[in-house]
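Could you walk me through this structure, stop by stop? I have it open in a viewer and would like to know what to select next.

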Amino acid sequence: MFDSTYEVILADTEAARAIHRKIRYQVYCLERRFEDPAVFPRGEEQDAWDVHAAPFIVRERTSGKWVAAMRLVLPDAAQFPVETLRCLTPESKNRLRRRELAEISRICVIHSPAPYEINRHLDRNFGPVARNGEPEVLLGMLRTIFVYGLECGFEHNYLLVTDAFARLLRRIGVVLHPVGTPTDYRGSARPIGSNYGNARHR
């Protein structure tokens with residue numbers, strides 16, 4: 001169903017990366033209020049990990065609208081985002097080989113019915129995903145990231161998630177395991193891991 005409705009694209013051009021950053025601004029600055037929009041006057045949310053990440057964007061096939069984004073922080077980063085929070089257990093860090101590890105982050109799906117009406121940096125090429133369609137979009141993005149990671153030789157992912165988001169991931173079939181302790185990061189969140197081996201054998 002996902003493939004007939006959406007497509008995931010690796011944002012490997014500057015134009016595509018700008019779309020990725022604009023979606024992040026819409027979701028993280030305007031919808032969730034996690035980041036201060038004044039820090040990003042061009043309407044493109046970004047951080048220090050972007051230069052060490054593979055960004056992805058999702059487009060609805062029929063309308064051509066951009067609706068979601070996600071990135072995979074690669075092992076050449078000095079630290080993964082979750083490592084800066086000091087919430088990983090020593091055992092989980094020591095048993096994973098760095099070159100086989102990545103972190104999924106900046107997962108964002110647009111929900112505003114007409115995002116261009118509340119965001120002057122967007123045009124009508126950006127649109128929402130209905131709440132009941134979000135699991136399908138998440139599953140499609142994660143599948144793409146797993147395939148990309150396997151091609152890069154990765155074996156494990158870190159993710160920082162709320163309990164509600166972890167339940168959603170499990171509901172759509174993502175196998176998770178704890179790798180640390182809960183932390184306060186814009187609310188309670190916990191570090192979890194996902195094994196590429198589970199995706200390989202599906």
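Here is a short tour, with something to select at each stop.

**Before you start: colour by confidence**

What you are looking at is a predicted model. Its mean pLDDT is 91, and 96% of the residues reach 70 or more. Now select residues 198-202, where pLDDT stays under 50. For this stretch the model has seven contacts beyond four places in sequence. Where pLDDT is low, the predicted coordinates should not be read in detail. With that in mind, let's move on.

**Stop 1: helix α2**

Select residues 14-31, which make up helix α2. The helix has 18 residues, and from its first C-alpha to its last it reaches 24 Å, close to the 26 Å expected at 1.5 Å a residue.

**Stop 2: around the ring of Y28**

Next, select Y28 and show its side chain. Y28 counts as buried, at 6% relative accessibility. Which residues have a charged end over this ring? One is R32, whose charged end sits 5.1 Å from the ring centre of Y28. Another is R106, which lies over the face of Y28 at 4.5 Å from the ring centre.

Stay with R106 for a moment. This residue lies in strand β4 and counts as buried, at 11% relative accessibility. Its phi is positive, about 50°, although R106 is not a glycine.

**Stop 3: aromatic pairs**

A search of the whole structure finds four aromatic pairs. One of them joins Y28 to F34: the pair is tilted, with 6.0 Å centre to centre and 55° between the planes. F34 is partly exposed, with a relative accessible area of 33%.

Now select F56 and Y148. Their ring centres are 5.4 Å apart and the planes stand at 85°, so this pair is edge-to-face. The pair links distant parts of the chain, 92 residues apart: F56 is in strand β2 (residues 53-60), and Y148 is in helix α5 (residues 134-152). F56 counts as buried at 4% relative accessibility, while Y148, at 21%, counts as partly exposed.

**Stop 4: E103 in strand β4**

Go back to strand β4, residues 101-109, and pick E103. Is E103 buried or exposed? At 3% relative accessibility, E103 counts as buried. Leaving aside residues up to four places away in sequence, E103 touches R71, L72, V73, F80, P81, V82, N157 and Y158. From C-alpha to C-alpha, E103 and L72 are 5.6 Å apart in space, although 31 residues separate them in sequence. For V82, draw the line from the backbone nitrogen: a polar atom of the E103 side chain lies 3.0 Å away.

**Last stop: R86**

Finish in the loop between β3 (66-73) and α3 (90-95), where you will find R86. R86 counts as exposed, at 76% relative accessibility. Its phi is near 55°, a positive value in a residue other than glycine.

Key
Residues are numbered from 1 along each chain as its sequence is written. This is a predicted model: local features need pLDDT of at least 70, side-chain atom pairs count only at pLDDT 80 or more; totals for chains, interfaces and linings use all residues. Side-chain values use heavy atoms; hydrogens and water are left out. Helices (H or I, at least four residues) and strands (E, at least two) are DSSP runs, numbered from the N terminus. Buried means under 20% relative accessible area, exposed over 50%, partly exposed in between (1.4 Å probe, protein chains only). Contact means heavy atoms within 4.5 Å. A polar contact is a pair of N or O atoms within 3.5 Å; within protein, one must be able to donate a hydrogen and the other to accept it, and residues adjacent in sequence count only if both atoms are side-chain atoms. pLDDT is the predictor's confidence in each residue, from 0 to 100. The expected span of a helix is 1.5 Å times one less than its number of residues. Rings of Phe, Tyr and Trp (its six-membered ring) pair if their centres lie within 6.5 Å; planes under 30 degrees apart count as stacked, over 60 as edge-to-face and the rest as tilted. A charge sits over a ring if NZ of Lys or CZ of Arg is within 6 Å of the ring centre and within 35 degrees of the ring normal.
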